[in-house]
Amino acid sequence: MIVQTQRVTIPARQELSVAACALLVLLNTLAMTVGLDPLGWLAGAGYGMALWALLAAALRRGGRPALSPADHVTLTRATLVGGVVALVVTGIAGPVLVVLAAVALALDAVDGRVARRTGTASPLGARFDMEVDAFLILVLSAAAAVSLGPWVLAIGLMRYAFVAAGWAMPWLRGPLPPDLARKAVAAAQGIALVVVVADVLTWSWTVAAGALAALGWSFGRDVIRLWRTR
């Protein structure tokens, strides 16, 4: 006799509620251990509320009643980013911040693999993953700027400047082919910023400068490609 099992689908709103609770637990744990100040706690909670609202709206527009397995991994990363936001706003840049950021970055290599193996890759999932990556880089660049100077913020702001420029110049919103170099440069930004924030090198500014130069090269190459195919 063959027994068929039916996969249980949990509504997205319930999964988002669980993630929100997990973020609150993380924030309270950080408050009791490393000492978040009220502004940091509120920043982390506000980030979570905005993220869940935007994701819920995107799921409704896309007719997605539930999250995919890969989305679960990305949602876990997004929850950890909430802790990073709270620590950076509080002004805490120690081992806890490094660990949270490192785990969030490591999981970036997992969600794409899960999507491919389960056949659940989707434009929404890819956008969710990209936005979490971009915001984590922005927050880490803000943390690095405390010690190296405001120029490091260019690492986190470059992607948002590119998007903003696309509203004025629609040809910048054109499709780009998959590119291994672009992915490698994007991944290197997070690693470089974690190294800078960890403060384990006496020449951290060279790591940040190298990351910024690589990012500028990558964006510049994409702009040239889009200009040629506009």
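Partly exposed covers the range between buried, under 20%, and exposed, over 50%. The model you are looking at is a predicted one. Ala187 sits in helix H8. Look now for Ala106. Ala187 and Ala106 are 81 residues apart along the chain, yet their C-alpha atoms are separated by 9.8 Å. Keep both places in mind as we move on.

Start with helix H8 itself. H8 has 19 residues. From its first C-alpha to its last, H8 reaches 27 Å, close to the 27 Å expected at 1.5 Å a residue. Which residues of H8 are buried? They are Val185, Gln189, Gly190, Ala192, Leu193, Val194, Val196 and Val197. What do these buried residues pack against? Their partners are H4, H6, H7 and H9.

Follow the chain past the end of H8. A loop lies between H8 and H9, and Asp199 is found there. Asp199 has a relative accessible area of 60%, so it is exposed. The cut-off for exposed is over 50%. The backbone at Asp199 deserves a look too. Its phi is near 55°, a positive value in a residue other than glycine. Most residues other than glycine have a negative phi.

Next comes helix H9, residues 204-228. How far apart are the end C-alpha atoms of H9? They are 37 Å apart. With 25 residues at 1.5 Å a residue, H9 should span 36 Å, so the two values agree. The buried residues of H9 are Ser204, Val207, Ala208, Ala211, Leu215, Ser218, Phe219, Asp222 and Leu226. Three helices pack against them: H6 (123-148), H7 (153-168) and H8 (180-198).

Now put H8 and H9 together. Their axes come within 9 Å and cross at roughly 155°. Are the two helices roughly parallel or roughly antiparallel? An angle over 145 degrees counts as roughly antiparallel, and H8 and H9 are therefore roughly antiparallel to each other. The crossing of H8 past H9 is left-handed. On the H8 side, the contact is made by Ala181, Arg182, Val185, Gln189, Ala192 and Val196. On the H9 side, the contact residues include Ser204, Val207, Ala208, Ala211 and Leu212. Further H9 residues in this contact are Ala214, Leu215, Trp217, Ser218, Arg221, Asp222 and Arg225. Sorted by class, the contact of H8 with H9 has 11 nonpolar, three polar and four charged residues.

Turn to H7 and H9. This pair packs at an angle of about 15°, and the axes are 10 Å apart. Are H7 and H9 roughly parallel or roughly antiparallel? Under 35 degrees counts as roughly parallel, and H7 and H9 are therefore roughly parallel to each other. H7 passes H9 in a left-handed crossing. From H7 come Ala154, Ile155, Met158, Arg159 and Phe162. They meet Ala208, Ala211, Leu212, Leu215, Gly216, Phe219, Val223 and Leu226 in H9. How do the residues of this contact divide by class? There are 11 nonpolar, one polar and one charged.

With 49% relative accessibility, Val99 counts as partly exposed, because exposed needs over 50%. Val99 and Thr118 are 19 residues apart in sequence, and their C-alpha atoms are 28 Å apart in space.

Helix H5, residues 108-118, partners H4: the two axes come within 3 Å and cross at roughly 25°. That angle makes H4 roughly parallel to H5. Ala104, Leu105 and Ala106 of H4 make the contact with Asp108, Ala109 and Val110 of H5. By class, the contact has five nonpolar residues, no polar ones and one charged.

Finish in helix H1, residues 12-33, where Thr29 has its place. Is Thr29 buried or partly exposed? At 37% relative accessibility, Thr29 counts as partly exposed. Thr29 and Asp111 are 82 residues apart in sequence and 26 Å apart from C-alpha to C-alpha.

Technical notes: Residues numbered from 1 in each chain as written. Predicted model: local features only at pLDDT ≥ 70, side-chain atom pairs only at ≥ 80, totals over all residues. Heavy atoms only, no water. Helix = DSSP H or I, 4+ residues; strand = E, 2+ residues; numbered from the N terminus. Expected span 1.5 Å × (residues − 1). Buried < 20%, exposed > 50% of the residue type's maximum accessible area, 1.4 Å probe, protein only. Contact = heavy atoms within 4.5 Å. Axes fitted to C-alpha atoms, helices over the stretch in contact; angles between N-to-C directions. Parallel < 35°, antiparallel > 145°, perpendicular 65-115°, else oblique. Left-handed = near helix turned anticlockwise from the far one by under 90°. Nonpolar A, V, L, I, M, F, W, Y, C, P; charged D, E, K, R; others polar.
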